[in-house]
Amino acid sequence: MPTKITKLLLLLAMLVVLALVFFYGLSKGPVQAEHLHTTFTSPYNISNSPDPPDGDNASQRVRAVLSDDNFLHVTWMEGTVGENANGPAYVRGGALWPSWEWAGAHDNLGYTNPALALDSAGTVHLVWAGGGNPPYEIYYASKPSGGSWSTAANLSQDSNNSLFPRLAIDSQDRLWVVWETEVSAENFEVYACTRPAGGSWSSPTNISNLTGQDLEPDLAIDDDDVPHVAWRNNAGDVWDIYYTRYSGSWETPLNISANTSHSHYPRLATNVRGDVFVVWEDEIDGADQFQVLFRRWDGTQWQGIRRVSSTPAKALVPAIAADSCNLYVVWTDYRNTSTEIYFSHSTDCGTTWLGDENVSSNTTSSEHPDVVAQPGGFAHIFWQNSTTEPNAQLDIYYSKGATTVPPSPTMPPETWQSYLPLTARHWAPLGSWEIEPNDTFAQANGPLQSGWDYYAYPDDNDDYFYISCPAGSIRVRMENYAPGIYGQMFLYNSAQQQIGWDNDPFDGWAINASINAGTYYVRVYTAPGGQGSSQAYSLQVSCP
């Protein structure tokens, strides 16, 4: 018969088994992680233009900026055919939207593609193309805070067509404007002019100087007050995206799309880190099969081109906004029975993109969006939306998106799952597994122990881990990553700045770096096509 000691040992063994089941569950892998998502407010009509009985209304081609007091300043092309009233409209709003106003004259002088910017005093600066029948000219007007609109000034002063102006202001309140001008038949060039605070406008300067057509420029200014310009050109066999910047003089334009498919309609954004971001529509999937592509200048070089959208139809006329490394992109999407506004965002400066998400969600056509970034993970999205006959009407709609943004790693964790100490589970004979969700810096598993192996499945986009290291060196090693699927491994410092990267499994997954004392993050990225593998990988971080 079993002794009391034997019974006690059997009881202890049973407790150990129950403990293992408690920690590991009945399945072999971790719970599937949820992706970051965006919550959108219901679309709201901010133009509400009257639908005249004798003509069609058109509120379209919206552009917006955010002021330091978190008000949104918005402009668009406004016109009613029957009433012969055409010109740029303007409104300042946010939580509430008052009635819009005309930005100066609106006496049917023609109007296209207005753009606006704010200076440090809160003055609104506005440019547009107008002048009745072609040729159009580029006009400028301003409105000080609490004041009235100035008389429009002609900036282009050209006998040829000038269209698609863009405007930006640097930290010294210097204004920069770019546009396209038809210098001769089938030859458009990009021109620029500038005005210092309190000064006069410079003469327009040709900044493209390329053969073929240079169309639809966009403009952004970085924190060093450097203007960046991108546009499309068809000097070769296809349309390409060209880029230049001003560094005392305009640099020689660079082809940044450089592929064999047609590339159109670039948009630019910059951030406080010195990055420059470009998106455009590209016929990369075949004839009339456009996707939104993205490229980043990291301050020293252009990174590789990445795909943002994944529509089975086509994605057109994108726009981009940036708040540090939180990027927001919107576009017109054709995957549904009517065109819709879709949205995607990135929390790592464009290395990975989360979404496609439908913002407009209606049964009529939604097109030509714009997006504005606000710190805290907010994206303000505008677009033009059509109504049905008998009097077809275009109005400007607005929605605010709230995304999940990784907080600073110096902030306290928001839930018990953040920074979960895996070391408590090292007694388990099978090793230590990841705990989902670990999809952001804030959810990183850790602290890892130097030289110990950890295990995870490549079943979602991202796995984040963290470790505290003394000054010296760090080595990250990954083994048993499933062959045939695309992955990347990244190393970040405590400021969430990338300091190491590897995407080549053929020489072994490894990152080596010299470091200061602090907290470091490892991110393992798996492309969507490879997710779901039942083969676990092992991760080891060493910082002796």
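Over how many bridges do strand β24 and strand β25 pair? In this predicted model, strand β24, which covers residues 326–333, and strand β25, which covers residues 340–346, are paired in the antiparallel sense over seven bridges. Within this pairing, valine 330 has phenylalanine 343 of β25 standing opposite.

The two strands belong to an open sheet of four strands, arranged in the order β23-β24-β25-β26 with antiparallel pairing. Because β23 and β26 stand at the edges and each has a single partner strand, one side of each is left without a neighbour in the sheet. On average, and with direction ignored, neighbouring strands of this sheet are turned by 20 degrees against each other.

The strands named in this report cover the following residues.

| Strand | Residues |
|---|---|
| β23 | 315–323 |
| β24 | 326–333 |
| β25 | 340–346 |
| β26 | 354–358 |
| β29 | 393–403 |

Leucine 394 has its place in strand β29. With a relative accessible area of 18%, leucine 394 falls under the 20% cut-off and is therefore buried. Leaving aside residues up to four places away in sequence, leucine 394 touches several residues, including Asn57, Ala58, Gln60 and Gln384. Glutamine 60 and leucine 394 are 334 residues apart in sequence, yet their C-alpha atoms are 6.6 Å apart in space.

For the protein as a whole, there are one helix and 38 strands, and buried residues make up 55% of the 544 residues. Among contacts between residues at least 6 apart in sequence, 50% join residues at least 24 apart. The protein exposes about 23600 Å², of which carbon and sulfur atoms supply 53%.

Conventions:
Residues numbered from 1 in each chain as written. Predicted model: local features only at pLDDT ≥ 70, side-chain atom pairs only at ≥ 80, totals over all residues. Heavy atoms only, no water. Pairing = 2+ DSSP bridges. Axes fitted to C-alpha atoms, helices over the stretch in contact; angles between N-to-C directions. Buried < 20%, exposed > 50% of the residue type's maximum accessible area, 1.4 Å probe, protein only. Contact = heavy atoms within 4.5 Å. Areas by Shrake-Rupley, 256 points an atom, 1.4 Å probe, with all protein chains shown as cover.
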